[in-house]
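Biologist: I have a chain open and want to go through a few places in it. Can you take me through them?

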Amino acid sequence: MNIRAQIATVFHLDKCIGCHTCSIACKNLWTDRKGAEYMWWNNVETKPGTGYPTRWEDQEQYRGGWERVGSQLRLKMGGRGGTLGKIFHNPSLPTMDDYYEPFTFKYDDLTNAPAGDDQPTARPVSMVSGKPMKIEAGPNWDDDLSGSTVYAANDPGVVQLSEEEQQQLFAIEKMVFFHLPRICNHCLNAGCVAACPSGAIYKRGEDGIVLVDQDKCRGWRMCVSGCPYKKTYYGWSTGKSEKCILCYPRQEAGEAPACFHSCVGRIRYLGVLLYDADRIEATAMQEDGELAAAQREMILDPFDPQVQREAARCGIAEEVLAAAQASPVYKFVKQWGIALPLHPEFRTLPMLFYVPPLLPVLSVESQGTQKLADDFFTTLERARLPIRYLAGLFAGGNEEEVKAVYRRLIAVRIQRRQQGVGDQSEAEAARAREIAGLSAEQVEAIYRMTALTSIKERIVIPPMLRDRAVEAGTDPEAYRQEMGFGRRQAPKRRW
C-alpha cells in the first residue's frame, strides 16, 4: 500500500438554506480585487438549474475530466499533443457569456445628480468596457428558479429524464428544488493537474490540497478545460489561473476555512482521510455506476492495525492518524455510507462528498405524512424529485447507491420520531434500521453528528506539520511519491 492523507469535506444538502453567506465570506477574503470579479471559488447553485458557469456539467461541450480509451485513462480534452495544439485556440473553454460580464453601478449619479423632478438612478456599467450595459446574467442568476423553462429545463441532468419525469418536475404547485454549494473538490485524480502544460498545478503531499504555483503558471487555461467542475478561473488582470485553496493559511493556523466557519446552516464537515494511492487508476477505470462504491472502497480504515503500520511506513505522522480517526468525513463516507461524490463519472475522484437532500424526495407522497418504514421505502420510486436525477448527480447513474443512502436517512428520521414525538413504535424503528442496515447506536450517532455537534466535532483539522514538510522537501527524490506532483522545492513563506 502507498498510503497518503487527504483533507476531504462533506456538505449536508438537507441543511443548506441557500443564504450564500459562504460565497460572500470567500469573496471578501480571496477574490475581492481587480481581475477576480467573476471568480466565485465558492458558489451556491439551485438544482435543477444550469449552474455556474452555464451548463458546466455538459462535458460534450466543455470536454473536462477523464475518459476510458481501451485499457487507458485519458483526459477528455485530448493527449499532450492535442493540449499544446489548443494553446492559442481552445473552443472548449467557457466564454464570458457562460460566466457573466462583470458589472458595477454608477453610484456617483445617485449622490451628485442635480436637483430635479426625477429620482436619480445608478445605471449598471460594464467593468470590461466601462459602457452602460443591460445585466443578463450573474453568478446566482437562476437562484430559486426551479421549474423555469429557461434554467431548470436546460439542466443537463433534467434533459436526460423521461418526458413524464420532466412534467413531474415542472408541474404547477409541485415544483421542487434544492441548493448545491460548490467549491474545488481537491480531487485525487485531478484533471486540472494533469492538463497543465507548465506543471504549475500540484497537490500538496502532506494534505492533498490542490494549488496553483503563480510563478510557474503561464495562463494557458488548460486547467480550466481539464477541470470538469469548472473550479479554476483565469485572472484577466494577472494573466494567471487561480482556484480555491481550501483556506490552507487558515488551516495551518488551526482555523476552519472561511466558508466553513461562516456557514449558517452548519452543513459543512471537514476531516482527513487515508487512501491507497496505488489504487487511483484502477478506481478511476471502473464503470460509471461503480465509481462511487469504488471510491468509497479505496478509503482506508484508520483503526485497522495493518493500515496504521503501513501509514507509519509511508510517513504519515501519528498526529495525522489520530485526526483521521476523529474525522467526521470518514464517518459520513465510509462508516455510515450516506455521503456521495458529485459526478463521479468525471473520474477525477473528488474529495468533496454530499449527503443528498431528503426533503424534496419524500414530500410528494401523502402530503409528506408517511409514518411506517415500509411506506417510506416503497415510495422512493414515486419521489417528487426523481431518484434518477439524483443518481445522475451523485452516483454515475446508479440509482441503488442513492436509494441506499435514503434508506439510512429515513431510518434516522423514524427512530427520532419514535423517541421524540412518540407516534412510531419501536418495532417500526427496528424495521427501518433493519432495512437500512444500521444499528440503533449508528442511527443515534448520525443524528448527533448532523444536528447537535459543535464546530470542533464538525471540523477536525489535522496538524499541518509544516516543519516536517519543509524537511521532506529538501530531498524530493527521497519522497518522490509522497511529495505529490510538480514539487521541486521545499515549501516556504515568501514574507
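Modeller: Start with Asp155, which is in the loop between β6 (124-126) and α5 (163-170). Helices (H or I, at least four residues) and strands (E, at least two) are DSSP runs, numbered from the N terminus. This is a predicted model, in which local features need pLDDT of at least 70 and side-chain atom pairs count only at pLDDT 80 or more, while totals for chains, interfaces and linings use all residues. Residues are numbered from 1 along each chain as its sequence is written, and side-chain values use heavy atoms, with hydrogens and water left out.

Biologist: Is Asp155 buried or exposed?

Modeller: Buried, because its relative accessibility is 0%. Buried means under 20% relative accessible area, exposed over 50%, and partly exposed in between (1.4 Å probe, protein chains only).

Biologist: What does Asp155 touch?

Modeller: Leaving aside residues up to four places away in sequence, Asp155 touches Lys47, Pro48, Gly49, Thr50, Arg55, Glu57 and Tyr389. Contact means heavy atoms within 4.5 Å. Glu57 is 98 residues from Asp155 in sequence, with 8.4 Å from C-alpha to C-alpha.

Biologist: Tyr389 is in α17. How many residues of that helix are buried?

Modeller: Six of the eight in α17 (residues 387-394), so the helix is largely enclosed by the rest of the structure. The buried ones are Ile387, Tyr389, Leu390, Ala391, Leu393 and Phe394.

Biologist: What follows α17?

Modeller: Gly396, with a positive phi near 60 degrees.

Biologist: Next, helix packing. At what angle do α18 and α20 pack?

Modeller: About 90 degrees, with the axes of α18 (residues 399-420) and α20 (residues 440-451) 9 Å apart. Axes are lines fitted to C-alpha atoms, for helices over the stretch in contact, and angles run from 0 to 180 degrees between N-to-C directions. The two helices are therefore roughly perpendicular; angles under 35 degrees count as roughly parallel, over 145 as roughly antiparallel, 65 to 115 as roughly perpendicular and the rest as oblique.

Biologist: Which residues meet there?

Modeller: From α18, Ala411, Val412, Gln415, Arg416 and Gln419; from α20, Ala440, Val443, Glu444, Ile446 and Tyr447.

Biologist: Arg416 and Tyr447 are both on that list. Where does Arg416 lie relative to the ring?

Modeller: Over the face of Tyr447, at 3.7 Å from the ring centre. A charge sits over a ring if NZ of Lys or CZ of Arg is within 6 Å of the ring centre and within 35 degrees of the ring normal. Arg268 likewise lies over the face of Phe260, at 5.7 Å.

Biologist: And ring on ring: how many aromatic pairs are there?

Modeller: The count is 16. Rings of Phe, Tyr and Trp (its six-membered ring) pair if their centres lie within 6.5 Å; planes under 30 degrees apart count as stacked, over 60 as edge-to-face and the rest as tilted. One of the pairs is Tyr99 with Tyr233, tilted, at 6.1 Å centre to centre and 50 degrees between the planes. Tyr99 is in the loop between α3 (80-85) and β5 (103-105) and Tyr233 in strand β10 (residues 232-235), 134 residues apart.

Biologist: Are those two buried or exposed?

Modeller: Tyr99 is buried at 7% relative accessible area, and Tyr233 is buried at 0%.

Biologist: Which residues make up the ring cluster?

Modeller: Ring pairs link Tyr38, Tyr52, Tyr99, Tyr100, Phe103, Phe105, Tyr107 and Tyr233.

Biologist: Last one, the whole chain. How much of the protein is buried?

Modeller: Of its 495 residues, 53%. The secondary structure comes to 22 helices and 14 strands.
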